[in-house]
Amino acid sequence: MGGNSFGTLFTITTFGESHGPGCGVLVDGCPAGVSLKTEDIARELRRRRPGGGPQGLGAASGRAEADEPEILSGVFEGKTLGTPIAILVRNKDHRSGDYDELKDLYRPGHADWPWEAKYGIRDHRGGGRSSGRETVGRVAAGAAAKAFLAEEGILIRAWTSAAAGIQAPGPGDPGFDYAEAAGNPLGVPHRETAERILEKIENLRNQGDSAGGVITCMVTGLPPGLGDPVFGKLDARIAGAMVSIGAVKGVELGSGFTAAFGRGSDNNDEPAPPRAARSGLPPGVPALDFKTNHAGGVLGGISTGSPLEFRTAFKPVPSISKKQRTLDRQGTVRDLVIRGRHDVCIVPRAIPVVEAMTALVLADLVLLNRSARV
Ligand SMILES: Cc1cc2nc3c(=O)[nH]c(=O)nc-3n(C[C@H](O)[C@H](O)[C@H](O)COP(=O)(O)O)c2cc1C
């Protein structure tokens, strides 16, 4: 099976099934000398845990994994060595028995049937490799990428901008408060909206149903020049990275789909004198900034130096306890009631996953950019 690795210079290979002994990642290409402690990785993993981070309350499932990372190689006295970084997170709280009755059924909204149609064999316990647990390796690797990017002055922040059909204020709207997003149960940057969403999620839980939502991600401190202008576009890489996350069904960059209904005169970002000095430009190229950022920080696949901004859409969690109909392996129509422990809305838990994938794309591009010109 291919496709378990990601990146060109800053690369990762993730491994692990939901109910196997553990999940993890091998990071190769992280430069030497980056400050990285086990706690940096553990902190990111806690944000992904159901019930672990501030986002863990009402929206999440009850699987109570400690998610303690073990760094097996590549870090010495709190600094990366430049050698492969192997990180293992053991699975401890899996209850495979919850999945026994799903063994021969194809769950609606899940990869069960296409997986079997492709490989002929699948680990049905907890969704196996197509489980959200697979993102443990991404988040662990993302901690290393974030540590590297922080040393370059690049900061990644994501939050829940909509969930269960309710939209939160965005940057520039009255009430938007990123500190609130970092502190409330759902990662929503507005307290009242968070409370409304939580109430809706509780209603859905009582109905045995689930919800989707949208995560907005914003990156500041990006230099101009990241991304290659043809197949390696920054926005193409971001979109690919996001859609590789389970349950993602859409990505919108900058003004996105709204731009499709607007006019060029409104959508073009006007270049303006730089707000601050910029270093690293080739000789003869003036520094500039843009008055607006409809482009979301990317033009022609190359970062402009404005914040990179994009939104990622998540479908409603497919595992619902409401009765559904499906087929079994014999082709018989069967009723299905999914027990297990599942999120009603995975969006808050996916925030660190979106940040991790963004960090991995950008860490790779920062390294690739060092070979762009003499
Ligand atoms: C962090 C995270 C946690 C997830 N948790 C669950 C879950 O508890 N229950 C569930 O049915 N799906 C969950 N999913 C989504 C499924 O893994 C995904 O919808 C399924 O594998 C089908 O893939 P697709 O939706 O990308 O087509 C989760 C996804 C992520 C990213």
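Which residue forms a salt bridge with E101? In this predicted model, the partner is R339, and the closest N and O atoms are 2.9 Å apart. The pair links distant parts of the chain, 238 residues apart. E101 lies in the loop between strand 7 (85-90) and helix 2 (112-119). R339 lies in the loop between strand 18 (333-336) and helix 9 (347-369). E101 is partly exposed, at 41% relative accessible area, whereas R339 is exposed, at 55%.

The structure holds 30 salt bridges. Side chains of opposite charge can pair when their charged atoms come close. R329 and D104 meet in this way, at 2.5 Å from N to O. This pair also links distant parts of the chain, 225 residues apart. R329 is partly exposed, at 39% relative accessibility. D104 is partly exposed too, at 31%. Both residues belong to a network of salt bridges that also includes R107, D112, E116 and R122. A further salt bridge joins D328 and R334, at 3.0 Å from N to O. Here D328 is buried, with a relative accessible area of 7%, while R334 is partly exposed, at 34%.

Helix 1 (residues 38-48) packs against helix 3 (residues 135-151) at an angle of about 135°, with the axes 9 Å apart. Helix 1 is therefore oblique to helix 3. The crossing is right-handed. Residues in the contact include I41 and L45 from helix 1, and V136 and V139 from helix 3. By class, the contact has six nonpolar, one polar and five charged residues.

K146 is found in helix 3. K146 is buried, with a relative accessible area of 17%. Among the residues that K146 touches are E44, R47 and E355.

Conventions: Residues numbered from 1 in each chain as written. Predicted model: local features only at pLDDT ≥ 70, side-chain atom pairs only at ≥ 80, totals over all residues. Heavy atoms only, no water. Axes fitted to C-alpha atoms, helices over the stretch in contact; angles between N-to-C directions. Helix = DSSP H or I, 4+ residues; strand = E, 2+ residues; numbered from the N terminus. Parallel < 35°, antiparallel > 145°, perpendicular 65-115°, else oblique. Left-handed = near helix turned anticlockwise from the far one by under 90°. Contact = heavy atoms within 4.5 Å. Nonpolar A, V, L, I, M, F, W, Y, C, P; charged D, E, K, R; others polar. Buried < 20%, exposed > 50% of the residue type's maximum accessible area, 1.4 Å probe, protein only. Salt bridge = Lys/Arg side-chain N within 4 Å of Asp/Glu carboxyl O. Lists of a residue's contacts leave out its neighbours within four places in sequence.
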